[in-house]
Amino acid sequence: MDKNYDVIIVGGGPAGLYAAYKIEKSYKVILFEKDDVIGEPIICAEGISNNTLKQFFKESDLPFIRNRFSKLKVKYKDLEANVDIPDMGLIIDRSKFEKYIADKVKKENNFEIKTGSFVVDAKVEDEQVKVILENGEEYFGKILIIADGVESYLPNKVGINSVCNLIDMYSCYQQVIHDPKVKDEEIIFDFTPSVAPGGYLWVFPRGNNEANFGLGITSSLDCEKPYKLLNEYRKKNYPDAKILREFPGCVSVNQLSRMYTDRVMVIGDSARAADPITGGGIDNALRTANFAAIVANSVLKGKDFSAKRMSQYQELVEKDNSYSIKKQNQLREMILKMSEEELDQFFTSAINLFNGKKILSTDFYSTIYSFKSSFKAIGMVINFMGSLMKDKYLLKIIMRLMWK
Amino acid sequence: MEYIKVDKEKCGLCGGCVAVCPAKVIIMYKDRLEIRDGCLKCDKCIKVCPVGALSKNG
């Protein structure tokens with residue numbers, strides 16, 4: 001059997017699958033997934049912005065949408081902001097989502113997806129990249145795209161340091177709950193420090209009074225484990241909830257300073273590309289996967305696979321002016337350094353500013369201009385709320401206005 | 001005796017410990033964690049674990 005490929009992709013989550021989907025059909029591509037089935041197990045809160053979905057999937061009928069919400073509630077201690085956000089985000093069925101893309105990869109692109117295949121090692125050689133599976137099998141490629149998820153194991157094997165600091169990691173716990181108290185149209189974030197130190201608690205409505213109910217904390221802080229904090233909150237606020245499923249999860253942020261090397265690109269959660277504030281990983285998994293595929297398609301036309309050539313991938317990610325992950329990370333670092341008093345002021349401003357407002361996709365400019373007269377602190381607040389709404393377009397405008 | 005022990009009942013295979021391990025000695029298979037030689041005893045995996053599945057032996 002010929003084990004030489006143009007592109008080897010490691011990881012069959014949203015990033016790896018989408019990269020495979022966007023690579024030209026004429027190339028020979030193989031994707032390795034550790035688990036036996038694509039789309040299982042799922043450790044995810046399943047939120048995605050509508051803009052991202054429209055940008056990356058042109059089809060009108062998407063069979064993996066669970067629920068669309070139209071209201072955002074942000075809580076902080078006894079304060080809350082209620083904001084109308086029609087059409088801004090939705091909750092997907094992540095398992096169906098992955099199966100949907102995998103189907104395209106197999107049927108439209110004719111690429112091979114090998115499940116139950118754990119890639120344990122990779123080596124960059126002069127003329128190729130070699131990957132080694134758990135069973136000792138070796139495969140060779142011209143390019144390697146690493147999408148091995150939050151554990152980010154493989155980048156270190158090819159000389160890309162992906163060891164994550166505790167401060168850049170959210171430790172999370174999620175329960176899928178059913179409770180008549182869950183409103184299908186409303187997404188909730190609770191930033192109360194005692195509820196979720198250095199993070200937040202979320203209620204993402206799945207429809208039919210079900211929700212992805214979870215909590216993430218910054219791992220470097222000394223506090224109770226997330227599963228304890230979540231259970232305390234649930235007993236207090238959703239005492240009658242039925243727990244359908246529960247699981248731990250981790251989200252790493254602060255994007256890798258170098259996401260490439262000779263013949264290699266690292267994408268999605270493996271590159272710590274999740275949004276630093278919301279921890280949302282799917283949007284940026286698709287974004288980085290798309291750029292990696294663009295670069296792979298272009299690089300494969302020539303003979304230069306050097307790090308310098310591959311660096312075009314990171315340039316594209318960083319120059320994408322619809323979104324700045326660096327600004328988001330700076331904001332996260334600022335929030336983490338705030339005293340409780342400063343946090344009180346920050347969230348009080350945020351909540352007063354946005355409570356009762358309606359944010360329409362078409363109405364961003366006027367909304368933002370009405371806030372422009374304020375100062376930088378307010379810019380931070382708006383930026384922060386923008387990230388909750390997961391709308392990159394809104395963020396772009398805010399950043400132009402406030403961060404210059 | 002190994003420095004870190006894993007409670008298989010609690011572990012949800014989320015990958016957080018693998019990501020923060022500076023020695024890269026934690027391997028996550030599809031159904032289990034394996035901790036190889038070379039642990040630096042930094043305890044980061046214990047801190048990151050959302051469910052307390054990792055702890056010091058003894």
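This is a predicted model: local features need pLDDT of at least 70, side-chain atom pairs count only at pLDDT 80 or more; totals for chains, interfaces and linings use all residues.

Reply: Residues are numbered from 1 along each chain as its sequence is written, and chains are lettered from A and ligands numbered from 1 in the order in which they are written.

Chain B contains four strands and two helices. Here helices (H or I, at least four residues) and strands (E, at least two) are DSSP runs numbered from the N terminus. Along the sequence of chain B, these elements follow one another as β-α-β-β-α-β. The radius of gyration of chain B is 10 Å, close to the 10 Å that the globule rule gives for 58 residues, so chain B is as compact as a globular protein of that length. That radius is taken over C-alpha atoms, and the rule is 2.2 Å times the number of residues to the power 0.38. Along the principal axes, the C-alpha atoms of chain B fill a box of roughly 25 × 20 × 20 Å.

Of the 58 residues in chain B, 34% are buried. A residue is buried if 20 or more other C-beta atoms, placed from the backbone, lie within 10 Å of its own, exposed if 12 or fewer do, and partly exposed in between. Two residues are in contact if their C-beta atoms, again placed from the backbone, lie within 7 Å. Among the contacts in chain B with a separation of 6 or more, 60% join residues 24 or more positions apart.

Lys24(B) lies in the loop between H1 and strand E2 (26-28) of chain B. Although Lys24(B) is not a glycine, its phi is positive, at about 55°. Lys24(B) counts as partly exposed because it has 16 C-beta neighbours inside 10 Å.

The next topic is the side that chain B turns to its partner. In all, 18 residues of chain B are in contact with 27 residues of chain A. Helix H1 (16-20) and helix H2 (44-48) of chain B each supply at least two residues of this side of chain B, and its largest share, four residues, comes from H1(B). By class, the side of chain B that touches chain A has 10 nonpolar, four polar and four charged residues.

Ser152(A) is buried, with 29 other C-beta atoms within 10 Å. Pro41(A) is placed in the loop between strand E2 (29-32) and strand E3 (47-49) of chain A, and the peptide bond from Glu40(A) to Pro41(A) is cis, with omega near -10°.

Conventions
Ala, Val, Leu, Ile, Met, Phe, Trp, Tyr, Cys and Pro count as nonpolar, Asp, Glu, Lys and Arg as charged, and the others, Gly among them, as polar.
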